[in-house]
Amino acid sequence: MVKVGLQLYTVRDYLERDFEGTLRKVAELGYQGVEFAGFYGRTPEQVKALLDETGLVALGAHTPYERLLHALDEEIAYNKAIGNRYLAMPYLSEEDRGRWDEVIEDLKVIGQRCAEEGMVLFYHNHDFELTQKLEDKPVLDAIFFEVSEELLKVELDSCWVYFAGFDPLEYIAKYSGRMPLLHWKDLVKKADGSPETVELGQGEVNVRDIADAAIQAGAEWLVVEQDYCANDSLKSIETSMEFIRAYAQEGGKLNV
């Protein structure tokens with residue numbers, strides 16, 4: 001049964017002040033795994049000990065493009081030591097978005113090295129990979145067309161798919177079987193049209209249908225994330241967990 005994790009970027013303000021206490025709180029709230037976005041100066045031994053203490057699973061790590069290019073062996077060694085096999089490229093800077101052909105070739109090389117080491121490379125999208133085109137298709141689709149499934153898996157951010165004007169359910173179906181991780185998040189569009197991420201069930205995204213579809217598509221983890229929290233971030237992830245428990249009680253096939 002699919003499990004529920006947290007992208008720790010959501011609570012980065014707390015992690016900066018109290019890394020260990022924040023992970024303990026995440027576990028206490030009922031999240032079963034965490035996706036890292038940096039390790040805040042802790043050694044792999046310290047992180048592994050904390051994961052063992054809390055029972056949290058290291059479900060993945062967002063790893064910057066530059067680190068994947070120039071420090072991949074170091075990143076692989078660190079993540080192996082904490083029990084994580086999933087490395088995700090989280091974001092591409094604006095200056096790199098004009099050279100998609102090179103980025104795609106880099107993903108092939110990085111993905112091959114990860115596979116050789118028993119690791120799995122993912123690509124995590126925002127909206128620009130859908131609004132930009134490459135050879136008459138959204139860049140996101142071009143990436144997954146050009147890089148084989150054996151070298152690159154899908155970490156679909158359903159909220160950004162929605163904000164880009166596409167149907168998240170269609171994208172989930174398109175990448176069924178290739179998408180072990182799905183970012184599960186909600187948003188509202190502000191008066192100026194810009195997005196504001198909110199707690200699950202508080203926005204305009206049909207997060208229940210997205211969860212149903214991801215489960216049907218074989219996702220291993222639904223990963224809760226808020227890029228920005230207007231409320232206290234720990235309170236936000238607690239509110240999202242309350243929604244998740246209600247969803248499960250209503251028949252959602254979640255292990256919470």
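User: Quick one before we start: what does contact mean here?
Analyst: Contact means heavy atoms within 4.5 Å. Keep in mind that this is a predicted model.

User: Fine. Start with H5. Which of its residues are buried?
Analyst: Leu72, Glu75, Ile76, Tyr78, Asn79 and Ile82.

User: Where do they sit around the axis?
Analyst: On the same side of H5, because they cover an arc of only 165° around the axis.

User: What covers them?
Analyst: Several elements, including strands S2, S3 (57-62) and S4 (86-89). Helices H3, H4 (65-70) and H6 (100-116) also take part in covering the buried residues of H5.

User: And what comes just after H5?
Analyst: Gly83, with a positive phi of about 90°.

User: You listed H3. How do H3 and H5 cross?
Analyst: Their axes come within 8 Å and cross at roughly 30°. Angles under 35 degrees count as roughly parallel, so H3 is roughly parallel to H5. The crossing is right-handed.

User: Which residues make that contact?
Analyst: From H3, Pro44, Val47, Lys48 and Leu51. From H5, Tyr78, Ala81 and Ile82. Tyr78 and Ile82 are also among the buried residues of H5.

User: Now H2. What's buried there?
Analyst: Phe19, Thr22, Leu23, Val26 and Leu29, in a helix that runs over residues 19-29. Seen down the axis of H2, they fall within an arc of 120°, so they line one face of the helix.

User: Why would that spacing put residues on one face?
Analyst: An α-helix has 3.6 residues a turn, so residues three or four places apart point the same way.

User: Let's do H11. Which residues are buried?
Analyst: Val207, Ile210, Ala211 and Ala214. Their arc, seen down the axis of H11, is within 100°, so they line one face.

User: What covers that set?
Analyst: Among the elements are helices H9 (158-163), H10 (168-174) and H12. Strands S9 (181-184), S10 (186-189) and S12 cover the buried residues of H11 too.

User: Switching to the core. Which residues touch the most other members of the largest one?
Analyst: Phe36, Tyr123 and Trp184, in a nonpolar core of 81 residues. H12 gives the largest share of this core, 7 residues.

User: What other core lies apart from it?
Analyst: One of 8 residues, among them Val120, Phe122, Leu181 and Trp221.

User: What does Asp141 contact beyond its sequence neighbours?
Analyst: Tyr171, Lys174 and Tyr175, leaving aside neighbours within four places in sequence.

User: And where is Tyr228?
Analyst: In the loop between strand S12 (221-224) and H12. Tyr228 is partly exposed, with a relative accessible area of 45%.

User: What does Tyr228 contact?
Analyst: Glu196 and Thr197, leaving aside neighbours within four places in sequence.

User: How many residues separate Tyr228 and Lys189 along the chain?
Analyst: They are 39 residues apart, and their C-alpha atoms are separated by 13 Å.

How values were computed
Residues are numbered from 1 along each chain as its sequence is written. This is a predicted model: local features need pLDDT of at least 70, side-chain atom pairs count only at pLDDT 80 or more; totals for chains, interfaces and linings use all residues. Side-chain values use heavy atoms; hydrogens and water are left out. Buried means under 20% relative accessible area, exposed over 50%, partly exposed in between (1.4 Å probe, protein chains only). Helices (H or I, at least four residues) and strands (E, at least two) are DSSP runs, numbered from the N terminus. The arc is that of the directions from the helix axis to the C-beta atoms. A nonpolar core is a set of buried Ala, Val, Leu, Ile, Met, Phe, Trp, Tyr and Cys residues joined through side-chain atoms within 4.5 Å. Axes are lines fitted to C-alpha atoms, for helices over the stretch in contact, and angles run from 0 to 180 degrees between N-to-C directions. Angles under 35 degrees count as roughly parallel, over 145 as roughly antiparallel, 65 to 115 as roughly perpendicular and the rest as oblique. A crossing is left-handed if the near helix is turned anticlockwise from the far one by less than a right angle, and right-handed if clockwise.
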